Amino acid sequence: MGNPRPKQQHLARKLLSIRHALGLSQIQLVKAMGIDDQIVYSRISEYESGRREPSLWMLLEYARVAGVHLEDIVNDYVELPDKLPGKVKHPGPA
């Protein structure tokens with residue numbers, strides 16, 4: 001079936017860092033994303049611990065809430081900005 005795609009080594013740490021830098025609980029993060037009717041907040045714990053990999057849609061929501069580029073989150077060779085939220089404005093629900 002082919003080779004499995006490589007996984008980011010720092011994704012879970014970055015997702016946890018985003019939530020902590022924004023000073024949000026898991027419930028508050030889901031509400032800030034505007035998706036509290038679409039996922040259960042405990043899913044955030046699975047992303048932050050690396051037990052589950054978020055979808056591209058979810059990663060875009062993290063980027064929007066954090067005010068960063070998606071690349072800042074998914075590229076292992078790029079660190080998150082020192083201050084969050086960042087200055088990147090994403091189109092979509094606020």
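The model is predicted. Its largest nonpolar core has 21 residues, and four helices, α1, α2, α3 and α4, each supply at least two residues of this core. Helix α1 packs against α4 at an angle of about 35°, while α2 and α3 pack at an angle of about 100°.

**Nonpolar core**

- Leu-15, Ile-18, Met-33, Ile-44, Met-58, Tyr-62 and Ile-73 have the most contacts inside the largest core, which has 21 residues.
- The helices that each supply at least two residues of this core are α1 (11-22), α2 (26-33), α3 (42-49) and α4 (56-66).
- Helix α4 gives the largest share of this core, with six residues.
- Beyond its neighbours within four places in sequence, Leu-15 is in contact with Tyr-47, Glu-48, Pro-54, Leu-59, Tyr-62 and Ile-73.
- As a general background, nonpolar side chains in soluble globular proteins tend to be buried together.

**Helices α1 and α4**

- The axes of α1 and α4 are 11 Å apart, and the packing angle is about 35°.
- The crossing of this pair, α1 and α4, is left-handed.
- On the α1 side, Leu-11, Leu-15, Ile-18 and Leu-22 take part, and they meet Leu-59, Tyr-62, Val-65 and Ala-66 of α4.
- By class, the contact of α1 with α4 holds eight nonpolar residues, with no polar and no charged ones.

**Helices α2 and α3**

- The axes of α2 and α3 lie 8 Å apart, at an angle of about 100°.
- Because angles of 65 to 115 degrees count as roughly perpendicular, α2 is roughly perpendicular to α3.
- Gln-26, Leu-29 and Val-30 of α2 make the contact with Ser-42, Ile-44, Ser-45 and Glu-48 of α3.
- The contact of α2 with α3 divides by class into three nonpolar, three polar and one charged residue.

**Single residues**

- Lys-31 lies in helix α2.
- Lys-31 counts as exposed because its relative accessibility is 53%, and the cut-off for exposed is over 50%.
- Lys-31 and Tyr-41 are ten residues apart along the chain, and their C-alpha atoms are separated by 9.0 Å.
- The peptide bond from Leu-84 to Pro-85 is cis, and its omega is near 5°.
- Pro-85 is found in the segment after α5 (70-74).

Technical notes:
Residues are numbered from 1 along each chain as its sequence is written. This is a predicted model: local features need pLDDT of at least 70, side-chain atom pairs count only at pLDDT 80 or more; totals for chains, interfaces and linings use all residues. Side-chain values use heavy atoms; hydrogens and water are left out. A nonpolar core is a set of buried Ala, Val, Leu, Ile, Met, Phe, Trp, Tyr and Cys residues joined through side-chain atoms within 4.5 Å. Buried means under 20% relative accessible area, exposed over 50%, partly exposed in between (1.4 Å probe, protein chains only). Contact means heavy atoms within 4.5 Å. Axes are lines fitted to C-alpha atoms, for helices over the stretch in contact, and angles run from 0 to 180 degrees between N-to-C directions. A crossing is left-handed if the near helix is turned anticlockwise from the far one by less than a right angle, and right-handed if clockwise. Ala, Val, Leu, Ile, Met, Phe, Trp, Tyr, Cys and Pro count as nonpolar, Asp, Glu, Lys and Arg as charged, and the others, Gly among them, as polar. Angles under 35 degrees count as roughly parallel, over 145 as roughly antiparallel, 65 to 115 as roughly perpendicular and the rest as oblique.
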